[in-house]
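The following exercises are intended for a reader meeting this structure for the first time. Each consists of a task and a solution worked step by step.

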Amino acid sequence: MMSIRDRKTECYEKMSEEELFTLAEFDSSSAENVNYSNYSYWRSTVRTFIKNKPAVVFMAIIMVVLLFTFIQPLLPGQRDPKAINNDPETGIQIINRSPDKEFWFGTNSIGQDLWARTWAGTRTSLGIGFAVACFEVIFGTIIGILWGYCRRLDPFLTEIYNIFDNIPQTLILILFSYIMRPGVGTIIFALCLTGWLGMARFVRNQIVILRDREYNLASRCLGTSFIRIVTRNLLPYLVSVISLRMSLAIPSAIGNEVFVTYIGVGLQTDIPSLGNLLRDGFALMSHPDLRYQLLFPTIVLSVITVSFYIVGNAFADASNPRNHM
């Protein structure tokens, strides 16, 4: 009995070549319809970030606080944060008045409006935080890339890092506050002097992991420039790290400003800042009726630091390509 395979073989032998093979038709328009991916890194990052509802809420809080902080002086009926308010009838300073319709956050011990001083201090502290964070990200990233990619610079930059890292940042802040004139510029300079170390070390470690991968070796063999390798092959992997470090650098810089001002070697007392407000408010903790002078700056500082921390972590996770769909 003949098997199925044998029957098929017999049929193929009887068919002519024209019957077995036919020419495929070529359609030039169909050849252009190739499949492509419309993947966008930043679009996918934003989409992933939006799915994190708590982070979106805190992002909105940050935007509202930043916007209101800078438009508050332009609103009608706002007082000068440095002005001393007197009673129009008696001419006596309105000192330590509890919050009411006229003074929403009350007044301090010399009659200054705490509402105006709180937002003026927030502007000062945020300015310090953003300035230090931008310097840390830019300078720290550049040094970290050179440190990790250029093998000849590794011993030299390692020694520089060890020298600066073994000097306590608090000591540097106090020392420069005594040497230079206390002010915003002095605080920014002292914080920037050592603030880049953490970013540089972080970036350096990532570059060491990525620099000898196959696609980077192939790029170097093909003569690709150093700048193109860094911008195309290395930096995309560092977006999540850089965004996280920057989001943490802002509240960290604000916290350092608060600390050095609190111990009395930071900003001058006539410059409104969250550090000055917290120092003045903490001195009145023993008076229950005056604790409101510590409450409002503490709330603003807590909202800013917590919001930046949550948003920074959420954006770092969203910018990680592994989390993209």
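## Exercise 1: Threonine 194

Threonine 194 has a relative accessibility of 9% and counts as buried. The model under study is a predicted one.

**Task.** Determine in which helix threonine 194 lies, and which residues it touches beyond four places away in sequence.

**Solution.** 
1. Threonine 194 belongs to helix H9, which spans residues 184–210.
2. Leaving out residues up to four places away in sequence, threonine 194 is in contact with Phe164, Gln169 and Ile172.
3. Buried means under 20% relative accessible area, so the 9% of threonine 194 places this residue in the buried class.

## Exercise 2: Serine 177

**Solution.** 
1. Serine 177 is located in helix H8, residues 169–179.

## Exercise 3: The packing of H4 and H14

**Task.** Describe how H4 and H14 pack, and classify the residues of their contact.

**Solution.** 
1. Two packed helices are described by the angle between their axes and the distance between the axes.
2. For helix H4 (residues 41–50) and helix H14 (residues 292–318), the angle is about 135° and the axes are 8 Å apart.
3. Because of this angle, H4 is oblique to H14.
4. The two helices, H4 and H14, cross in a right-handed sense.
5. From H4, the residues Trp42, Thr45, Thr48 and Phe49 meet Val311, Ala314, Phe315 and Ala318 of H14.
6. Sorted by class, this contact of H4 with H14 comprises 6 nonpolar and 2 polar residues, with no charged residues.

## Exercise 4: The nonpolar cores

**Task.** Identify which residues touch the most other members of the largest nonpolar core, and which helix gives the most residues to this core.

**Solution.** 
1. The largest nonpolar core has 30 residues, and Ile254 and Ile304 touch the most other members.
2. Two or more residues of this core come from each of helix H5 (53–71), helix H6 (114–149), helix H12 (239–262), helix H13 (274–282) and H14.
3. The most are given by H14, with 10 residues.
4. Isoleucine 254 has contacts with Ser125, Leu126, Gly129, Leu274, Leu301 and Ile304, residues up to four places away in sequence not being counted.
5. Another core, of 13 residues, lies apart from this one, and Phe176, Ile187, Ala190 and Leu191 are among its members.

Methods
Residues numbered from 1 in each chain as written. Predicted model: local features only at pLDDT ≥ 70, side-chain atom pairs only at ≥ 80, totals over all residues. Heavy atoms only, no water. Axes fitted to C-alpha atoms, helices over the stretch in contact; angles between N-to-C directions. Helix = DSSP H or I, 4+ residues; strand = E, 2+ residues; numbered from the N terminus. Parallel < 35°, antiparallel > 145°, perpendicular 65-115°, else oblique. Left-handed = near helix turned anticlockwise from the far one by under 90°. Contact = heavy atoms within 4.5 Å. Nonpolar A, V, L, I, M, F, W, Y, C, P; charged D, E, K, R; others polar. Buried < 20%, exposed > 50% of the residue type's maximum accessible area, 1.4 Å probe, protein only. Core = buried A, V, L, I, M, F, W, Y, C linked by side-chain atoms within 4.5 Å.
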